[in-house]
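Me: Please take a close look at a single part of this model and describe its surroundings in one connected account.

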Amino acid sequence: MNRLPGHMVVAHVAKRQIDPYEGFAATAAELDIRLTAGSLGLIQKTIRFAMQRPELRRGWCSDLRYCARCMSRRYHSVIYQFGGVPCCLVHGCFMQTMCRSCGASSDYLIKASVLDAPFKCPHCRRSYGNSSASFVHCMPLQPHERAAIFRIFIG
Ligand SMILES: [Zn+2]
Ligand SMILES: [Zn+2]
């Protein structure tokens, strides 16, 4: 599959000139929402929903928090970044902050190393997902599973 390297994407969607390898926080102040939405073929509301918002900063974790089973299915939600969400809303697994292969944690930032290895640890490049996941468990989350996560977030 042809795609742009991560450093080019990060530099393209940032509002100001940044080092794409250092990255930036996923906030509306840092990310060009209109350009990102247009580039991804999404509506701006979808991009805004995925942003870290100042009014919701309480409980926000600056390190990536993830569900390994969701990562196996190539899914991550911004909702998982809140410490008040201890378990995955679909799988019931406890959220994790460290790579199960190398033990490193990662900043929750938009940066080249993350975009170049999606759903993988930027330190060791091993998958955050369950390595033993079967084909069925690697299927994308179904719409009703995504909707369940969204409903809990918006109340
Ligand atoms: Zn999950
Ligand atoms: Zn790792």
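Reply: Leaving out residues up to four places away in sequence, P86 touches F94 and M95, contact being defined by C-beta atoms, placed from the backbone, within 7 Å. This is a predicted model, in which local features need pLDDT of at least 70 and side-chain atom pairs count only at pLDDT 80 or more, whereas totals for chains, interfaces and linings use all residues. Residues are numbered from 1 along each chain as its sequence is written, while chains are lettered from A and ligands numbered from 1 in the order in which they are written.

P86 counts as exposed because it has 9 C-beta neighbours inside 10 Å; the cut-offs are 12 or fewer other C-beta atoms within 10 Å for exposed, 20 or more for buried, and partly exposed in between. P86 belongs to the loop between α4 (68-72) and β2 (109-110), where helices (H or I, at least four residues) and strands (E, at least two) are DSSP runs numbered from the N terminus. The C-alpha atom of P86 is separated by 9.5 Å from that of R65, 21 residues away along the chain.

R74 also lies in the loop between α4 and β2. Although R74 is not a glycine, its phi is positive, about 55°. With 14 other C-beta atoms within 10 Å, R74 is partly exposed.

As for confidence, the protein has a mean pLDDT of 85, and 85% of its residues reach 70 or more; pLDDT is the predictor's confidence in each residue, from 0 to 100. Helix α4 has the highest confidence, at a mean of 93, and helix α6 (residues 143-154) the lowest, at 69.

Definitions and conventions. Contact = placed C-beta atoms within 7 Å.
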